[in-house]
Each structure stands twice: as structure tokens, then as C-alpha cells.
Amino acid sequence: MDSTLFPPPSIEWPLLLPLLVVVGTGVIVLLWDLFVPHRNHVMHAWLSVAGLGAAAYFSVLSWARPDATTFAGALTHDRLSVIANLLLIGATALSVMFADAYLRERKANYGEFYPLALWATAGAMLMVSTTDLIVLFLGLETLSVALYVLSGMCRGDRRSDEAAIKYFLLGAFASGFLLFGMAMIYGGTGTSRLEDIATAWMIGDRSIRIFLTAGITLMLVGLGFKAALVPFHWWTPDVYHGAPTSVTAYMAAVAKTAAFVTLIRVLGAAVPLQDVWSPILTTLALLTMTFGNLWALAQNDVKRMLAYSSIAHAGYMLVGVLAGDVGAVVYYLVAYSLMTVGSFAVVGLTARGGKESSSYGDLRGLWKRAPFAALMLLVLLVSLAGIPPTAGFWGKWFLFLAALRTDMIGLAIVLAVNSIVSVYYYLRLVLSMYVEEELVESTRPPAMSAGLALATLACAAGVIYVGLTAGSLQRLFTMPMVGGS
């Protein structure tokens, strides 16, 4: 083929190293599982953590590099992509650290969990590092297909099977909306680049604007599903409840981070269409915060309560997106990931003999049976409730101030009221652990593996550290809300 007609794209390999290391680590772990005899998968977990550590190292090295693109503009390197990649890598590492012990208790200790999680992370890294619609869809499907499989890892468990089927069917349907929206945008702009949306809107005629309006609206449906925004949230409680808890922890942090960073890029590129998407997202933010908290109040299962809580947190973050405060949203994503992964990790202690029951009653008297786990969960619940000086408090405070600065007084009030409402169901879990007595005396105390202890300690210490350094971190994360380079 004549290279003058089809010149190869210039490639900045150093910018691709974090992604390539994550993908390569997945291949190495898969080969290790295939060829090396093993009784457990501890080595799988630590190989994965080592690879993720190397990817984080290369991401940090790229921090000082100026904004750039590679692969003919398909991949973007900027501060948002570096921070998002580090967050995705960290959430994945925390999730795999406690996976082995939990999956052994669930009798679902399949080695493919680790490469699938790594490749799903690679898909999420593609999503947050692109302003090209084609690459965005490739990243989304890489993330989604791996999550469909991971959700059904507890083979033969009715709830796990239901979670996988429900997530697959609704996810495929939402992907169809997203892809149709991308096609509409391509029809209106003539390119797959997000940065061309604003130009096409400004110079286009009425038909072009109709295409772009329809495209953005349909993309919001697809991204709303991934971010678990009301009314696209119906899969969340059933999938979070039915999937293995290590998968739920991973999914709650990684998928939501990828969805919100992508939403920031899409809306940043579509600022001229703000009169179209702003009323839609304002309504979704109000519904998501309110109904997420109200449904959480009615739950008797901790995993379902945390699922509805994650829906409410998505509503909080949407307030920051509407206010255009990227720093506040990214800070909250960091706090949310630490709080959520750590909370689900402790809940995973209820797994016994292939079964898992995560009702409030199962955590009664946890402080007697597993005092360290109960203390870690207490710290995380305090942060989830938004009590100072934890990261959860400062995250909500930054979002509240962002809403006030942009005269979104109604959203700010609803955010504050919902934060107060959420204290009730978090306090209910604290009372179960520390005040209420066990219904039946436990035959053996929950055993905390080294990975689980380290993961929960990192999450609890993280929410305190991120809270104590809130001002400097929020300034570090502050950047303009732009959708292209």
C-alpha cells in the first residue's frame, strides 16, 4: 500500500504506556492462570497489583508533559486523562486485592476474574482518554463486555445469573442509544471528533442542529445508564446485589468514573447546546439525588442500600457537572471510589461456604467478631454520610459551593437536604455493627485476609487523607470543562 496516500499516524508511545501495561498485565495473568498450577489466586492478585502499579508510575511520569494527542488525534493526553487513569488504576488495584479470599468463600475463585478486570480497566482508560466517538465506543464496549461476564461469575447462583442477564440486556439496549446518538452527531458534523460539535452547531442550518440535538440527547441516555442516573438506574440494585461483591466494588467505582469523565468531555464539547442538555440533566440530578436516597431508606440489605446510595452520589456529581466545576467532580470521584470500594470489601465478609447474605442482621455485632473491619467500615460510613473532616464532607461541600456560584440555588438546597437524609441509613448500619446484638451466635469470626485488611485500611486512610488535604487536591484537580484538544 502506498504510504503517501495513507500515511501512518504518528504515535507518542510514552503516552500509551499506562494503557499498554494494563493490557499486557492482563495477558500475563491469563497465561499464568493457564500454565502454572495453583491452589489459590493470590499470585494472580499481586501480579495484577504490580502491573497496575507500573501503569500508575508511567501515568505519573506523563503528568509534566504538555497536552497532546496521539494516533491521529484519537487519544488525548491532558490533566483530566492522567488523573482519571490514576483513579481507575487505583480503584482496580483496591478491588483485586481482596478478591481472592472473597471469591474462595463464594466458591467462584476463577482465575479469569483478574485479566477481565484489567481489560475492563483498559476499556475505561480508553473512554476517559479520547475525544473521538469511535474510540469512545470501543472503550465502552470493552468495559461493558468484561463487566457482563464478571457479573455472572458465581455460576449456578440464581441472583448472579439474573444480574448478568439483566445487565447484559439493558446494557446492550443503552449501548444502542449511545451508538445511535453518535451516528446522529457524525451526520451533523461529518466527523467523529467531539471538538467539531460546537463548530457544526454555530455554522449549521436547522437540519444540522436537529441532528446534533438528537445525537446529544441519545448519548445522554447511554451515559446515564452507565452512570446509574434516574430513570436509567433500574439495573443497579439488582446487579450490585447479585454480582460477586468484589465485582460490585470494582463496577461501582470504575464504571462510574469512566461515565462521568466521558460526560464531562461530551458536554464540554457541546457547550453551544447547553440550552438543550442543561434542563434535561437538571431534572435528572434532582430525581437521582432524591429517589436514590428515598429508596435507600427502605432497604434491608446492605448491598442494595449501597447500590441506591451510589445512585444518589451520581446525582450529587451531576450537580458539579452542571455547574461546570471539573475539580469538584473529580475530587468527589476520588472520595466516592475510596468509600465505595472499602465499604463493599467489608460487606464481602458475610460470604460463607459458597453463599452470601448481606442483610443488616448479618452485620449485627460485627465489632465483636471483626473489630478492625468494623472500625474501617465505620470510618467509610462517616465519610459517605458527609461528616467532617472526611473526604465525603469536603466532596459535598465543593459541589454545594459550585452550585451556589452558578446560581443553581434549587439544586444546592436539594443536595444539602438529601445529604442529611442519607445520614439515617448509614447510621442504621453503624447501629447494627456496634449496638445491636447478633441474632445467632456466629460459629466462627469473619477471617480478614491480608489483601482485604490492606485494601480496607487504604480506603479508610485515603478518605481521611483526602479530607485533610481537600483544598490543595481540589485546586490540583481544577481545570476547564473542555471536550477536545
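Student: Quick one to start: is Ala228 buried or exposed?
Tutor: In this predicted model, Ala228 is buried, with a relative accessible area of 1%.

Student: And where does Ala228 sit?
Tutor: Ala228 belongs to the loop between helix 9 and helix 10, and although Ala228 is not a glycine, its phi is positive, at about 60°.

Student: Which cis peptide bond involves Pro231, and where is that proline?
Tutor: The cis bond is the one that joins Val230 and Pro231, with omega at about 10°, and Pro231 lies in the loop between helix 9 (206-227) and helix 10 (235-242). Ala228 is placed in the loop between helix 9 and helix 10 as well.

Student: What about Pro389, what joins it to Pro388?
Tutor: Pro388 and Pro389 are joined by a cis peptide bond, whose omega is about 5°, and Pro389 is found in the loop that runs between helix 16 (371-384) and helix 17 (391-405).

Student: Is Asp407 buried or exposed?
Tutor: Asp407 counts as exposed, because its relative accessibility is 65%, whereas Ala228 is buried at 1%.

Student: New topic, helix packing. At what angle do helix 3 and helix 14 pack?
Tutor: Helix 3 (residues 79-97) and helix 14 (residues 326-347) pack at an angle of about 5°, and their axes are 10 Å apart.

Student: What does that make them, roughly parallel or roughly antiparallel?
Tutor: Helix 3 and helix 14 are roughly parallel to each other, because angles under 35 degrees count as roughly parallel.

Student: Which residues meet there?
Tutor: From helix 3 the residues are Leu80, Ile83, Leu87, Leu94 and Ser95, and they meet Val326, Val330, Leu333, Val334, Ser337, Leu338 and Val341 of helix 14. Sorted by class, this contact of helix 3 with helix 14 has 10 nonpolar residues, two polar ones and no charged ones.

Student: Okay, rings now. How many aromatic pairs are there in the whole structure?
Tutor: A search of the whole structure finds 19 aromatic pairs. One of them is Tyr57 with Phe58, whose ring centres are 5.5 Å apart and whose planes stand at 65°, so the pair is edge-to-face. Phe58 itself is partly exposed, with a relative accessible area of 26%.

Student: And how do the rings of Phe173 and Phe177 sit?
Tutor: The pair is edge-to-face, because the planes of Phe173 and Phe177 are at 85°, and the ring centres are 5.1 Å apart. Phe173 and Phe177 are four residues apart in helix 7 (residues 158-189), so they are separated by about one helical turn.

Student: How accessible are Phe173 and Phe177?
Tutor: Phe173 counts as exposed, at 57% relative accessibility, while Phe177 is partly exposed, with a relative accessible area of 29%.

Student: Which rings are linked into a cluster?
Tutor: Ring pairs link Tyr148, Tyr167, Phe168, Phe225, Trp235, Tyr240 and Phe344 into a cluster.

Student: And what lies over the face of Tyr360?
Tutor: Arg428 lies over the face of Tyr360, at 4.0 Å from the ring centre.

Student: Let's go to Gly26. Where is it, and what is it in contact with?
Tutor: Gly26 lies in helix 1 (residues 13-35), and leaving aside its neighbours within four places in sequence, Gly26 is in contact with Pro115, Leu118 and Trp119. Gly26 and Leu118 are 92 residues apart in sequence, but from C-alpha to C-alpha they are 5.5 Å apart in space. Gly26 is also buried, with a relative accessible area of 0%.

Student: Is Asp132 buried or exposed?
Tutor: Asp132 counts as buried, because its relative accessibility is 6%. Asp132 is found in the loop between helix 5 (113-128) and helix 6 (133-151), and, neighbours within four places in sequence aside, it is in contact with Ala74, Ser192 and Arg193.

Student: Last one: what does Ala391 touch?
Tutor: Ala391, which is found in helix 17, touches Tyr331, Ala335, Ser383, Val463, Val466 and Gly467, not counting residues up to four places away in sequence. Ala391 counts as buried, at 0% relative accessibility.

Terms used. Residues numbered from 1 in each chain as written. Predicted model: local features only at pLDDT ≥ 70, side-chain atom pairs only at ≥ 80, totals over all residues. Heavy atoms only, no water. Axes fitted to C-alpha atoms, helices over the stretch in contact; angles between N-to-C directions. Helix = DSSP H or I, 4+ residues; strand = E, 2+ residues; numbered from the N terminus. Parallel < 35°, antiparallel > 145°, perpendicular 65-115°, else oblique. Contact = heavy atoms within 4.5 Å. Nonpolar A, V, L, I, M, F, W, Y, C, P; charged D, E, K, R; others polar. Phe/Tyr/Trp six-rings, centres within 6.5 Å; stacked < 30°, edge-to-face > 60°. Buried < 20%, exposed > 50% of the residue type's maximum accessible area, 1.4 Å probe, protein only. Lys NZ or Arg CZ within 6 Å of the ring centre and 35° of its normal.
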